[in-house]
Amino acid sequence: MSTAATHDAHHEEHAKGLLRWVFTTNHKDIGTLYLVFALTMFFVGGAMAMVIRAELFQPGLQFVDPQFFNSMTTMHALIMVFGAVMPAFVGLANWLIPMMIGAPDMALPRMNNWSFWILPFAALMLVGTLFMDGGAPAGGWTMYPPLVLQTGDAFPFLIFSVHLLGISSIMGAINIIVTIMNMRAPGMTMMKMPLFVWTWLITAYLLIAVMPVFAGAVTMLLTDRFFDTSFFNAAGGGDPVMFQHIFWFFGHPEVYIMILPAFGVISAIIPTFARKRLFGYSSMVYATASIAFLSFIVWAHHMFTVGLPLTGELFFMYATMLIAVPTGVKVFNWVSTMWKGSMTFETPMLFAIGFVMLFTIGGFSGLMMSITPIDFQYHDTYFIVAHFHYVLVSGSVFSIFAAVYYWLPKWTGNMYDEKLGKLHFWLSAIFVNVLFFPQHFLGLAGMPRRIPDYSTQFAGFNEISSLGGFAFGLTQLLFVYIVIKTVRGGSKATDQVWEGADGLEWTLPSPPPYHSFTTAPEVK
Amino acid sequence: MLESKAKRALTTVAGLALLGNAGGAAADYALNLRRGVTSISHEAYDLHMLILWICVAIGVVVFGAMFISIFSHRKSKGAQPAQFHESTTVEVIWTIVPFLILIGMAIPATKALVAMEDTSNSDLSIKVTGYQWKWGYEYLDSGVSFISSLATPKEQIFNEQDKGLNYLLEVDNPVVVPINKKVRLMITANDVIHAWWVPDLGMKKDAIPGFVNEMWFNIEKEGTYRGQCAELCGKDHGFMPIVVVAKNEADYQKWIADKKSEMGAASAGADREWAMAELMERGKKVYTSNCAACHQAGGAGIPGTFPALKGSAIATGPKDAHMKLVMHGKSGTAMAAFASQLNDIDLAAVITYERNAWGNDIGDLVQPSEIKAAR
């Protein structure tokens, strides 16, 4: 591989001050914007989770009324999914894909700027609904009609913010596909791409496939409410369950949109700290593609209780169980990569190992729920709340932490504080389990989800869960401190940063030049 | 054997959890799925335990390998990295073995599912209707019908009184069913989607407006079984419990007879003229159990969400419009059509109450006969 230009002649061409960020077309600047936005929304959504856990700390109504509680669960989910996790992964893609494939920037820089700058406005509109007549949306992030049609003035704002978020995602996805397809360095064939690039390529196709479907579903809600259509109104010949089919046709690929890039991150980190090549590279690629394909034919497992015909239930049960096979392959490959390696345990590796363990636990509960006859018992209880927080918090969010610790020295040129990083990991790993593990028990004992108050038999585990939640929330302030401290200074990072790191981004200086690779490197 | 081991293991985990929380008072720390009291709940439980143990076994192997690796293959112990990075044989094995395990799970799961979905040959059918936020039951064979709503007093919810034993899981009118009979529920909803779920009966089904879903159960022993609405249905989703009381055949028949005479008494006098005081007294009761959740006890509503009745244009305007709104509801809002939920006297009483309470003082009254004519 050739070395990139170490001196960047164009460094000064961009605008100064705030306008630099408004007009920027640079993949690193936009990546930073995405990541800062995601972190901000992570705390907004997190604050709502704190309200939820405070109300659930003890039985009885203490702090909020039930309608506002429902708004909190609804907004927490919407903000975490569309405001925190997805933008964080797009931010990582912006920063890393050009550096990983040996390109100077993303293929469509102006669209890149636009796809970011839609986000803050969409988010403002969504958060603004909290102050409207009738309150913020309270029908759940799944927006099932007819309940969602009872939303007050917030309703059209909810729909339009979803439209905007979708437009942003689609543009981001197009940009990523075009970049990966056209701007790879000479010699980098598809099967030589880093797995993070592979998983994002597949994720981008998922986004393009399902975001328009979602936009269509919410538009039908809009016309049902304002233009007297009856898509989802049984009295007018429609079907409320049809919305659920369309929603989950989007929704299931959507959950993989939030986990496939995480697989890519973990597949980069484990080999580095095991000092050993990733085990089964090509089977990792095929497994990712299989998971993406299966995501399109399992949607009704979210709806086993709506009264599907028996044959439908059987089909969706079998298809859902199948996902365990490629997911299992991934976990086995990660463990085999560690096997007989020469491991060290810096913060990124700790988060990666935490990811493998806790994501697998979430996978187990997922497998249990795929079994239709027992899903009747698990459905809409805290068991599923525990399940999807294991895969999303100790899955996706842990992988984002891992990625930030892993690449932050490259991005800033400074090493983060390893001691504090490890403290952040251990506190997060302990409290995420205190927070979510008891929720399995609550669900099995019969506590439904989305309730502001509960029978006294559930008091014990709710108390433990809330305490874990407060502690987990506070711990994340430590992460902000660590990141700010690293950006401001610290011991200088080498270009290689990590002894075992492999890939084009590590051939660039730390921090890398403004236009990553002005001369394309040669990949052997 | 396997089950008792499971219980012991889970108790150990619970013990550890309790160490951190010695003061957890009244709560019980149930860890596992309830075994329930019907054949389908037993089947679900057995399957649950089977899959749980398969997951535990896989977890022991995978995490075991990971921990061995983490403890021995570390740089600080002088481990040198091996060079292998693929093996077709191994990868084929760990694709096929999980697939076979899945087939092993799918066979019993399919059998259980087929049995659960077979609602034929039932002995008794009950129509269940979900309302915001209560349940309506109609016994199709005997004509008994009633509304079942939360019985927990507001004072307990707002922490002004100690919480009772069945806090939030108690209702005014429980569903009574005979034991050892196949009971079929026909489930629907009036406004938004709800879900009918009693964990001990082993099954949950959505109640969807405009559609009828079916489920069945056959309870083995007498007792009271409690559950809740399981699908988010708005503000008071957490406050619409379900209580099923299973009785032996003789007690069940007696209950049906009692219920019938109770229904007769409630609608007695629908044809006579009612006085203002009577209507106001009955209207207050009806209002408290049906309207106060949204419009509040003082008629002030919740600004922006639920309109006030005190001084409102409808409650102080023409009688006909007021009757129409209460009887037929308002689509696109949480205002239900009460014509299907309340009898003529209750409707007349509650409308009269709304027109004359909290200083509305319109002075007119609605007679049950007017409601009957307006239906």
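1. Conventions. The model is predicted, so local features need pLDDT of at least 70 and side-chain atom pairs count only at pLDDT 80 or more, while totals for chains, interfaces and linings use all residues. Residues are numbered from 1 along each chain as its sequence is written, chains are lettered from A and ligands numbered from 1 in the order in which they are written, and side-chain values use heavy atoms, with hydrogens and water left out.

2. Confidence. The model scores ipTM 0.90 and pTM 0.90. In pLDDT (the predictor's confidence in each residue, from 0 to 100), chain A averages 94, with 97% of the residues at 70 or above, and chain B averages 87, with 93% of the residues scoring at least 70. Where pLDDT is low, the predicted coordinates should not be read in detail.

3. The interface. Contact here means heavy atoms within 4.5 Å, and 96 residues of chain B are in contact with 97 residues of chain A. The two chains bury about 8,500 Å² between them, 69% of it on carbon and sulfur atoms; buried area is the accessible area (1.4 Å probe) that two parts lose on being put together, summed over both. In chain B, His85(B), Trp94(B) and Leu232(B) lose the most area to chain A, together 8% of what that side buries.

4. The salt bridge between the chains. With a salt bridge defined as a side-chain nitrogen of Lys or Arg within 4 Å of a carboxyl oxygen of Asp or Glu, the count between chain B and chain A is one. Lys75(B) pairs with Glu499(A), the closest N and O atoms being 2.9 Å apart. Glu499(A) also meets Arg275(A) in a salt bridge at 2.6 Å, N to O. Arg275(A) lies in the loop between H8 and helix H9 (281-294) of chain A and Glu499(A) in the segment after H16 of chain A, so this pair ties together parts that are 224 residues apart in sequence. Arg275(A) is buried at 18% relative accessible area, whereas Glu499(A) is exposed at 53% (buried is under 20%, exposed over 50%, partly exposed in between, with a 1.4 Å probe and protein chains only).

5. Salt bridges in chain B. The side chains of Arg282(B) and Asp346(B) meet at 2.8 Å, N to O. The pair links distant parts of the chain, with Arg282(B) in helix H6 (residues 276-290) and Asp346(B) in helix H9 (residues 344-356), 64 residues apart. Arg355(B) and Asp364(B) form another salt bridge, at 2.9 Å, N to O; Arg355(B) is buried, with a relative accessible area of 1%, and Asp364(B) is partly exposed at 23%.

6. Two buried residues of chain A. Tyr34(A), in helix H2 (residues 27-55), is buried at 2% relative accessibility. Arg449(A), in the loop between helix H15 (418-445) and helix H16 (459-488), is buried at 13%; beyond four places in sequence, its contacts include Asp380(A), Tyr382(A) and His237(B).

Methods
Helix = DSSP H or I, 4+ residues; strand = E, 2+ residues; numbered from the N terminus.
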